[in-house]
Amino acid sequence: MPGCFIYIWLCFFTVFVRETEVKEVQMGLYSRVELTGEELDQQTVDSLRSVEWTKRIGSVTCLCFKKNTTFSAEYSQCCGRAHFYLNNNSLILENVTAKDEGVYTETIIRGKGTTKSQNFTLLIQYPPSVTEIVVSWTSNTSVTLKCEVSGVFLHLMWKREGLPVLEKHRHSFSERNQTLHISNITSSDYETYSCIASNEYGESEQHTYITGENSTDNRGNSAAGQIVLSSGLTLAGVLGLFIVFFCLYKNHQRDADKVHGVYQEVPDTEEVTFSLYICTDLITSKEPSQASFEDYSAVGPTCREETVTLYWVTNDQSTSCTDAGYDK
């Protein structure tokens, strides 16, 4: 008897598992998704009471679509642009994005009240994303290019100047083509390299240019040296300009001093006072009858001081001393 109960319980469990089977659907971004349930025969359609589609994201469940016995359909914004087709029991989603991911459940209620459910897990797939190409110089003549990819890729291809890079004696690949090795590098190899990763949902690519520099660090140091050199030249230029302007200023000051030494401001009226000495020889003579050359006796010179004041008038505010003397 206990064995009978166990058999009955296993039967219910089998039916429950079958009824709640989960199908995983993987579709690309912005694609058209068709979630198709179990095919409905005409007897099931005739006895159908309602069909309901819900979407669950985590612990939140919302109603996408519901159709009752009167065949009136109700849609909500929960599933975006969704359409239900009873003839093939399918829910169609257009231009799906990340917000459309979740667990979709179809619940069918027949006329006798029996319920059947089916779950679909929708996963949105994206094309791979090439984030960068890492360039590493292993020696002065060998370089390694590694393509960093985010996401799942099915194919990865290298191109040089738009043409595929073929594996040959100087070019080799590793890590599912993610790493490109170039040996015995020459100047002809200094070109643009591209990494293209793709899957069934799209592709992505990045580019890099190989130069004659033998390491990334050297390129960084060279750039730093150029910055320091540029700053030094700028400072030297500023100091040079300062010296030139200073010399011009000093030269201008010397010229101004010379001008002020030759040209002086002369007042409109200048009073000049000097002393004039007038000297006379007084000679006394005797009577005419007594006069003779020898008889003239010199009394000697007699002088007196006279003061004379002159007023110098000019109309020019500033004139040369030499020119002023000639004018007057």
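**Side chains that meet across the chain**

Hi everyone, let's begin with a pair of charges: Lys116 and Glu38 join their side chains in a salt bridge, 1.5 Å from N to O. Please keep in mind that this is a predicted model, so every value I mention is computed from it. Where do the two partners sit? Lys116 belongs to strand β9 (residues 115-125), while Glu38 is in the loop between β2 and α2 (42-46), so the pair ties together parts that are 78 residues apart in sequence. Lys116 is buried, because its relative accessible area of 12% falls under 20%. Glu38, with 40%, is partly exposed.

How many salt bridges does a search of the whole structure find? The count is six. Let me show you another, between Arg32 and Glu94, whose closest N and O atoms are 3.2 Å apart. This pair also links distant parts of the chain, 62 residues apart: Arg32 is in the loop between β1 (22-28) and β2 (33-36), and Glu94 is in the loop between β7 (90-93) and β8 (102-110). Arg32 is partly exposed at 47% relative accessibility, and Glu94 is partly exposed at 25%.

Now please look at Arg160 and Asp189. They form a salt bridge too, with 3.1 Å between the closest N and O atoms. Arg160 is in strand β12 (residues 155-160), and Asp189 is in the loop between β15 (179-182) and β16 (192-199), which puts the partners 29 residues apart. Is Asp189 buried or exposed? Asp189 is buried, with a relative accessible area of 0%, whereas Arg160 is partly exposed at 26%. There is a network here as well: salt bridges with shared partners join Arg160, Arg170, Asp189 and Glu191.

Let's move on to the rings. A pair of aromatic rings is described by how far apart the centres are and by the angle of the planes. In this structure, the search finds three aromatic pairs. One of them is Phe65 with Tyr75, a tilted pair with 5.0 Å from centre to centre and 40° between the planes. Phe65 is in strand β4 (residues 60-68) and Tyr75 in strand β5 (residues 73-75), so the pair ties together parts that are 10 residues apart in sequence. Phe65 is buried at 1% relative accessibility, and Tyr75 is partly exposed at 43%. Ring pairs also bring in Phe84, giving a cluster of Phe65, Tyr75 and Phe84.

Last stop: a charge and a ring. The charged end of Arg176 sits over the ring of Phe153, 4.4 Å from the ring's centre.

Notes:
Residues numbered from 1 in each chain as written. Predicted model: local features only at pLDDT ≥ 70, side-chain atom pairs only at ≥ 80, totals over all residues. Heavy atoms only, no water. Phe/Tyr/Trp six-rings, centres within 6.5 Å; stacked < 30°, edge-to-face > 60°. Helix = DSSP H or I, 4+ residues; strand = E, 2+ residues; numbered from the N terminus. Buried < 20%, exposed > 50% of the residue type's maximum accessible area, 1.4 Å probe, protein only. Lys NZ or Arg CZ within 6 Å of the ring centre and 35° of its normal. Salt bridge = Lys/Arg side-chain N within 4 Å of Asp/Glu carboxyl O.
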